[in-house]
Amino acid sequence: MGGRTTLKGLKPEPQIRIRTMNPSGSVSQGRVELGRLLSVAPLLLLLLLGAPPGSRGQNDTEPIVLEGKCLVVCDSTPSSEPSGNALGMSVRSGTGRVAFSATRQTNHEPTDMSNRTMIIYFDHILVNVGNHFEQDSSVFLAPRRGVYSFNFHVVKAYNRQTIQVSLMLNGWPMVSAFAGDQDVTREAATNAGLVIMERGDKAYLKLEKGNLMGGWKYSTFSGFLVFPL
């Protein structure tokens, strides 16, 4: 019978998708079992370092010959953190780009700001790579564990009250800023910082003191993934 069968109760060997570029320039792809690829990893390293022809892996198996360029394609946003493999390493993609930047373009009164949460809302998105910033809630949802950079500028207009704005992580203030000059018509509470976020963590701005009567036009909120952990 065609196809591949496995014994009942046994999981199939994990596979990795392989793309190869032939000398003619055409690209072909297929799959190879992770265990078999790892078994010949020393041979591949020797070939890359210029080992003599005929070299074999440590288990003396027939080598896998790859012609042209080989690319291992990995998931840039895995559903769970990798637990490592037989070589004690985890493979991560370097293309998991995450960044956002949002602004406030209208000077509406804060009637659309919740009296319970006091989240500061933004009505225009400049950048949203990965689509992890939700405009309606103005909340950033971390797609994976890593170090993230955030900065904000919240402008109060025609308001002589002191305001305090905080960058919140899952309901806890991480970085705060104040604006309270009594002699200017516009002033910004500004700050920035790095935070470690887990997959699914939420970051947003909260007005913790004062009010934004008069609006908060020209305010900005931005962030990006510095590197995964």
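Colleague: Is lysine 156 buried or exposed?

Modeller: In this predicted model, lysine 156 is buried, with a relative accessible area of 2%. The cut-off for buried is under 20% relative accessible area.

Colleague: Which residue forms a salt bridge with lysine 156?

Modeller: Glutamate 187 does, and the closest N and O atoms of the two are 3.9 Å apart. The pair links distant parts of the chain, since lysine 156 belongs to strand S8 and glutamate 187 to strand S11, 31 residues apart.

Colleague: How many salt bridges are there in the whole structure?

Modeller: A search of the whole structure finds three. In general, side chains of opposite charge can pair when their charged atoms come close.

Colleague: What does arginine 145 meet in a salt bridge?

Modeller: The side chain of arginine 145 meets that of glutamate 198, at 2.8 Å from N to O. Arginine 145 lies in the loop between strand S7 (139-141) and strand S8 (146-157), and glutamate 198 in the loop between strand S11 (186-197) and strand S12 (202-209), so the pair ties together parts that are 53 residues apart in sequence.

Colleague: And what are the relative accessible areas of arginine 145 and glutamate 198?

Modeller: Arginine 145 is partly exposed at 30%, and glutamate 198 is partly exposed at 37%.

Colleague: Which residue forms a salt bridge with arginine 104?

Modeller: Its partner is aspartate 123, with 3.9 Å between the closest N and O atoms. Both residues lie in the loop between strand S4 (99-103) and strand S5 (124-129), so the pair ties together parts that are 19 residues apart in sequence.

Colleague: Is arginine 104 buried or exposed?

Modeller: Arginine 104 is buried, with a relative accessible area of 4%. Aspartate 123, by contrast, is partly exposed at 27%.

Colleague: What else does the side chain of arginine 104 reach?

Modeller: The side chain of arginine 104 reaches the backbone oxygen of threonine 106 at 3.4 Å.

Colleague: How many bridges join S9 to S10?

Modeller: Seven bridges join strand S9 (residues 163-169) to strand S10 (residues 172-179), and these strands run antiparallel. They form a hairpin with two residues between them, and asparagine 170 in the turn has a positive phi of about 55°.

Colleague: What about S9 and S12, over how many bridges do they pair?

Modeller: S9 and S12 pair over six bridges, again in the antiparallel sense. Leucine 167 has valine 175 as its bridge partner in S10 and stands opposite leucine 205 in S12.

Colleague: One more topic: which residues make the nonpolar surface patch?

Modeller: Leu194, Phe224, Val226 and Phe227 make a nonpolar patch of about 370 Å². Strand S13 (residues 220-228) gives the most to the patch, with three residues.

Colleague: Where is leucine 194 placed?

Modeller: Leucine 194 is in strand S11. With a relative accessible area of 59%, leucine 194 is exposed.

Note on methods: Residues are numbered from 1 along each chain as its sequence is written. This is a predicted model: local features need pLDDT of at least 70, side-chain atom pairs count only at pLDDT 80 or more; totals for chains, interfaces and linings use all residues. Side-chain values use heavy atoms; hydrogens and water are left out. A salt bridge is a side-chain nitrogen of Lys or Arg within 4 Å of a carboxyl oxygen of Asp or Glu. Helices (H or I, at least four residues) and strands (E, at least two) are DSSP runs, numbered from the N terminus. Buried means under 20% relative accessible area, exposed over 50%, partly exposed in between (1.4 Å probe, protein chains only). Patches are made of residues with over 30% relative accessible area and no salt bridge: like charges are joined within 9 Å, nonpolar side chains (Val, Leu, Ile, Met, Phe, Trp, Tyr) within 5 Å. Accessible areas come from the Shrake-Rupley method with a 1.4 Å probe; for residues, only the protein chains shown count as cover. Two strands pair if DSSP finds at least two bridges between them. A polar contact is a pair of N or O atoms within 3.5 Å; within protein, one must be able to donate a hydrogen and the other to accept it, and residues adjacent in sequence count only if both atoms are side-chain atoms.
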